[in-house]
Amino acid sequence: AAASRRPWRLFGAMCLLRLPRITQPLEKEEEEMAALMGQIELEKSHYSDHEIRKLEEEERLKRRKENLDDDDEGPSKTVTMARDLEEKWEQKFLQFQAAPRITDADKNNNRTSLNRKLDSNLMLLVKHKIGNQEQWLLPQVEWQPGETLRSTAERAMTTFLGDHIQAKILGNAPFGIYKYKFPRAIRTEDNVGAKVFFFKAFLQSSDLSQTEPKADYLWVTKNELGDYLKSEYLKKVNRFLLD
Amino acid sequence: SFPCRAQPKKKKVDVRREQAQKDRMKEKLRKLKKIAPEVIPIEDFVTPLKYSDSNRSVNLLLALSPEETERRVLLLKQDETEKKAIQTLVESQQEALKELCLESEELYQAAILRDEGLFPFKRDGPSYTPPLPGYDHPRGKCVDITKVYT
């Protein structure tokens, strides 16, 4: 097979996803269902050790109050009642402050921060210079002979985010492809257009403060992709994005 | 001091006494073996007595039929959208592989290789609130109260 010049230039692109950190809010039906299941579970359950103890102590207290004259049971022992324990636990719980689900970056709409939209997938978009235009695309670099396309995609990731990035790439096969022809001005017989192969990876390292990105970048959700990507490109990308 | 020998001189009486002791031990062991071994109860299968009649009042309202049907309809709808999404994903991958095959045979072969490092795949699920930076969780003490039967 002659190593003929193929008319298509090959690019490997990486769709790097930061997975959701918190659960999405429940729909109305889901909440009703959850409440119903909880109610059924409660009704089918038995009392726990703590609850049995609490009930017995309440009984004893009631009896002691009624027989105040007869009851002379030696020294009043300072026994910790289950009720007091529950109060103590309640106090401790009220003192605890959980981290907020809506972060500062959400409020400022700072789309370069990873710490936003914690309940959705976030994707990396990088500003590329194509020809003499700047376009927002998934990070991509051109394929070089000798490497597999997966390595090209990995190279794309490390080119823009540095070597310390940790990501789990989902297999050796590409997830999607975007094919386009160059504008007539630069199109030749040997150089008809480009094929961009997309690979998918999950971001593992949660802290990217050490990275020095080499270009403008954004972390966006699937719904926000439309703000940045052209429609044909977006259509192809949306096909392999779940949720 | 005095030069000692490895084994002190045994007198005949001692030898006989030791032999008698050994025999007695052997008899005891044989008697124990004859008795059938005692059964060790499995504590998980035995419900403790305090839980036998402490049921809460059984108040199940079975007027759930409208909610039941709603739930089933909702679950089925989610199933459909998920199936369609997975189908488009697989189609997209097939298309990409086809194009790759047209381009270069070796790249295609490399792409359809099985990724050995992918499985076992581990992923932590989402929690209700994000982790609080610098939070020192209270550590508890666990006392093991399992009964050991010899």
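Which residue of chain A meets B:Glu103 in a salt bridge? The partner is A:Lys195, and the N to O distance between the two side chains is 3.1 Å. The model is a predicted one. Chain A and chain B bury about 4,600 Å² between them, and seven salt bridges cross their interface. Over all chains the structure holds 23 salt bridges.

**The interface between chain A and chain B**

- Chain A gives 54 residues to the contact, and chain B gives 47 residues.
- Carbon and sulfur atoms give 59% of the area buried between the two chains.
- Between chain A and chain B, 15 residue pairs are in polar contact, with both residues at pLDDT 80 or more.
- On the side of chain A that touches chain B, two or more residues come from each of several helices: helix 1 (28–44), helix 2 (49–66), helix 5 (149–161) and helix 6 (231–239).
- Strands of chain A that give two or more residues to that side are strand 1 (8–18), strand 5 (167–169), strand 6 (176–181) and strand 7 (193–203).
- Helix 1 of chain A supplies the largest share of this side, with nine residues.
- Sorted by class, the side of chain A that touches chain B consists of 28 nonpolar, 18 charged and eight polar residues.

**A:Lys195 and its partners in chain B**

- A:Lys195 forms a salt bridge with B:Glu99, with an N to O distance of 2.8 Å.
- This pair crosses between chains: A:Lys195 lies in strand 7 of chain A, and B:Glu99 lies in helix 2 (residues 65–103) of chain B.
- A:Lys195 has a relative accessibility of 2% and so counts as buried.
- B:Glu99 is also buried, because its relative accessible area is 11%, under the 20% cut-off.
- The salt bridge from A:Lys195 to B:Glu103 has an N to O distance of 3.1 Å.

**Chain B**

- Chain B has three helices and zero strands.
- Read from the N terminus, its elements follow the order α-α-α.
- Chain B has 150 residues, of which 12% count as buried.

**Nonpolar cores**

- In soluble globular proteins, nonpolar side chains tend to be buried together.
- The largest nonpolar core here has 29 residues.
- The residues with the most contacts inside this core are A:Leu125, A:Phe198, A:Leu225, A:Tyr233, A:Val237 and A:Phe240.
- Elements of chain A that give two or more residues to the core are strand 1, strand 2 (122–130), strand 3 (133–137), strand 7, strand 8 (217–220) and helix 6.
- Beyond its neighbours within four places in sequence, A:Leu225 is in contact with A:Met123, A:Leu125, A:Val220, A:Leu234, A:Val237, A:Asn238 and A:Leu241.
- Another core, of 28 residues, lies apart from the largest one.
- Residues of this other core include A:Leu124, A:Trp143 and A:Ile177 from chain A, and B:Leu97 from chain B.

- A:Glu224 sits in the loop between strand 8 and helix 6 of chain A.
- With a relative accessible area of 8%, A:Glu224 is buried.
- Leaving out residues up to four places away in sequence, A:Glu224 touches A:Arg111, A:Arg116 and A:Lys117.
- A network of salt bridges links A:Glu224 with A:Arg111, A:Arg116 and A:Asp227.

- Side chains of opposite charge can pair when their charged atoms come close.
- In helix 1 of chain A, A:Glu32 and A:Lys28 are four residues apart, about one turn of the helix.
- A:Glu32 and A:Lys28 form a salt bridge, their closest N and O atoms being 3.1 Å apart.
- A:Lys28 is exposed, with a relative accessible area of 61%, while A:Glu32 is partly exposed at 34% relative accessibility.
- In helix 6 of chain A, A:Lys235 and A:Glu232 are three residues apart and therefore separated by about one helical turn.
- The closest N and O atoms in the salt bridge of A:Lys235 with A:Glu232 are 3.6 Å apart.
- A:Lys235 counts as exposed at 54% relative accessibility, and A:Glu232 counts as partly exposed at 43%.

Note on methods: Residues are numbered from 1 along each chain as its sequence is written. Chains are lettered from A and ligands numbered from 1 in the order in which they are written. This is a predicted model: local features need pLDDT of at least 70, side-chain atom pairs count only at pLDDT 80 or more; totals for chains, interfaces and linings use all residues. Side-chain values use heavy atoms; hydrogens and water are left out. Contact means heavy atoms within 4.5 Å. Buried area is the accessible area (1.4 Å probe) that two parts lose on being put together, summed over both. A salt bridge is a side-chain nitrogen of Lys or Arg within 4 Å of a carboxyl oxygen of Asp or Glu. A polar contact is a pair of N or O atoms within 3.5 Å; within protein, one must be able to donate a hydrogen and the other to accept it, and residues adjacent in sequence count only if both atoms are side-chain atoms. Ala, Val, Leu, Ile, Met, Phe, Trp, Tyr, Cys and Pro count as nonpolar, Asp, Glu, Lys and Arg as charged, and the others, Gly among them, as polar. A nonpolar core is a set of buried Ala, Val, Leu, Ile, Met, Phe, Trp, Tyr and Cys residues joined through side-chain atoms within 4.5 Å. Buried means under 20% relative accessible area, exposed over 50%, partly exposed in between (1.4 Å probe, protein chains only).
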